[in-house]
There are 2 protein chains.
Amino acid sequence: MSGGPVVIEVTRGPVVESRHEGIAAVLKADGTVVASWGDIDAAILPRSANKPIQAMAFVESGAIERFGLGNEHIALACASHSGEPRHVETVRAWLGKVGLSEADLECGTHPPRLQATIEALARAGAMATAAFNNCSGKHSGFLTTAVAYGEPTRGYIRYDHPVQRRLREVMTDLCGVDADGFAYGTDGCGIPTLATPLRRLAQAMASMADPSRLSSKRAEAASRIRAAMNAEPFMVAGTGRFCTRINGALPGVAQVKTGAEGVFCGMLPGLGLGVALKMWDGAARASEVAMATLLGHLGVLPPQQKDELLHPPVRNVVGLLVGELRPAKSWLG
Amino acid sequence: MSGGPVVIEVTRGPVVESRHEGIAAVLKADGTVVASWGDIDAAILPRSANKPIQAMAFVESGAIERFGLGNEHIALACASHSGEPRHVETVRAWLGKVGLSEADLECGTHPPRLQATIEALARAGAMATAAFNNCSGKHSGFLTTAVAYGEPTRGYIRYDHPVQRRLREVMTDLCGVDADGFAYGTDGCGIPTLATPLRRLAQAMASMADPSRLSSKRAEAASRIRAAMNAEPFMVAGTGRFCTRINGALPGVAQVKTGAEGVFCGMLPGLGLGVALKMWDGAARASEVAMATLLGHLGVLPPQQKDELLHPPVRNVVGLLVGELRPAKSWLG
């Protein structure tokens, strides 16, 4: 199945007020395209949507056993978390276990996602630190991998650091194309983000979902990552978040991850499929509805979440229902 | 001049990471199309971008003189303000002048725009109130108009309340089409937002910029509104905001106003033109670059702001320049 673009509409009263267009690909690990919409050979920046791939080298390093880490740390390595207390405390404790601290994080500091967290900090007279950065778990994974291999931790965000080279080696293995040849930009957290054809990103996710072609060590790491995302869905995102809801509701069935600028990736191990999508305008609200629509199309969307995830309400300031998001009829609506 | 869609690109490193499409129209008050891009007969919801039009009945009511109001209140009636202390205090004092209070506002309460304001409230153990709502100035104008005409203030946000009927009468006069025939949705602040062909929205702005066809009372109101937006640009938006920068830099030359979901309107009295644009995906970042590009195209963009408004930087968490927004070469780039 191959069709026109992904289209998500935003209504207000009787009017389609806004609309979002994108591309999506569903692949098998061998590169077979099961379904596609739009030009899936377009190169996109995966941003945080490929964090499960970026966590592979960390899990393969043996650091989990060596430092007494668990599912919560693996999930955090795959996370764009909301900077809630449990995220921050777990990152801080983790860095302590490997002999490091927040001062070693090179991701920088941004305000936490939730107003309640911002207010709690202000009331306590405290400031957000690097552990609050939504990428602090991924960066802790990078640091831990460097420690595990006896490499310098400083500069672990640079394109030529062994940590980043290892990510490209994993990516090359999973997607079937040499990732060293990809152009790249600098991600929000400072690491390179590789311009990846959407088709190849979906193939890499399929290789995580169905790792039968991978080395046994790599296949084992993929399985552990999938299990951790389902076991600790809060750690992957946070209160009320799409990734937390889906990963918590579909253990063994689906593992999904959002990325900045409208990217979403997913693994469907039961079906042996990988999914990747990009909304061209970068809108997260649309990428969520698009991922929910794809999950529904593939028959794995939890029935009790269908209405709200396929048709999220648009409410005004006083809470009145004034519209909704929805997949367009021209796509899968 | 009539062309393809408005296109704004977002780059990261060497890659165009995201792109936004929209429509734009530049008209004279007599309905002549001076320039257009995309389908300008598409009906769009103006949201807050037509607040200067919504302020007309308030200024025409005579309430300015009667209640001792000034430019700061007219600018607030046209504002989507950031809920900074001066906005909030001015709204509260204004409502007191007309014998009302925040309890009469029907716009609801949302958190203020700036993290610093949120933190200051939290430190003081205080909560945001309706005066912090970005629309509280517009709603104060509505309430004041009802008081001026001796109408009940309660329910002033409803489609059939005299305040809202008067807005449609003004809109009809300015845009040349019966606004009672427009479909409508409910805006974030509770009032009806009328599905207006973009061409007609631009014509209405042109009628504000060149009010020679209007009654003398209405023409005088348009002139006062334009002057107030230039005289009190902070009141129209707030610290660092696009509307505040442009309206402050171009007295007598341009008055611009943003709206939710990627809408922007502008008046260019020196040229006798009105401008309206809508980014289909609703992205404010793109609507700002599009408005700056149109102002540049029409020769009124302040030279010292050109680089930053046409090519706003994309920075990562640590402040590194990692990309930019820009008009696409296929449009006016």
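## A salt bridge between the chains

B:Arg285 forms a salt bridge with A:Glu261, and the closest N and O atoms are 2.7 Å apart. A salt bridge here is a side-chain nitrogen of Lys or Arg within 4 Å of a carboxyl oxygen of Asp or Glu. Across the interface of chain B and chain A, the rule finds four salt bridges.

The model is predicted: local features need pLDDT of at least 70, side-chain atom pairs count only at pLDDT 80 or more, and totals for chains, interfaces and linings use all residues. Residues are numbered from 1 along each chain as its sequence is written, chains are lettered from A in the order in which they are written, and side-chain values use heavy atoms, with hydrogens and water left out.

## The interface

In the interface, 42 residues of chain B are in contact (heavy atoms within 4.5 Å) with 42 residues of chain A. The size of an interface is often given as the accessible area lost when the parts come together. Chain B and chain A bury about 3,200 Å² between them, 58% of it on carbon and sulfur atoms; this buried area is the accessible area (1.4 Å probe) lost by two parts on being put together, summed over both.

## Two residues in their surroundings

B:Val317 lies in the loop between strand S12 (313–315) and strand S13 (321–327) of chain B. Strands (E, at least two residues) are DSSP runs, numbered from the N terminus. Leaving out residues up to four places away in sequence, B:Val317 touches A:Cys107, A:Gly108, A:Thr109, A:His110, A:Asn133 and A:Gly188. B:Val317 is partly exposed, with a relative accessible area of 29%; buried means under 20%, exposed over 50%, and partly exposed in between (1.4 Å probe, protein chains only).

A:Thr193 belongs to strand S7 (residues 192–194) of chain A. Is A:Thr193 buried or exposed? A:Thr193 is buried, with a relative accessible area of 4%. Residues that A:Thr193 touches, not counting those up to four places away in sequence, include A:Leu45, A:Tyr184 and B:Arg12. The side chain of A:Thr193 reaches the backbone nitrogen of A:Arg47 at 3.3 Å.

## Nonpolar cores

A nonpolar core is a set of buried Ala, Val, Leu, Ile, Met, Phe, Trp, Tyr and Cys residues joined through side-chain atoms within 4.5 Å. The largest has 112 residues, of which A:Ile8, A:Ile53, A:Phe58 and A:Ile225 touch the most other members. Apart from it lies another core, of 111 residues, including B:Ala75 and B:Trp280.

Conventions:
Helices (H or I, at least four residues) and strands (E, at least two) are DSSP runs, numbered from the N terminus. A polar contact is a pair of N or O atoms within 3.5 Å; within protein, one must be able to donate a hydrogen and the other to accept it, and residues adjacent in sequence count only if both atoms are side-chain atoms.
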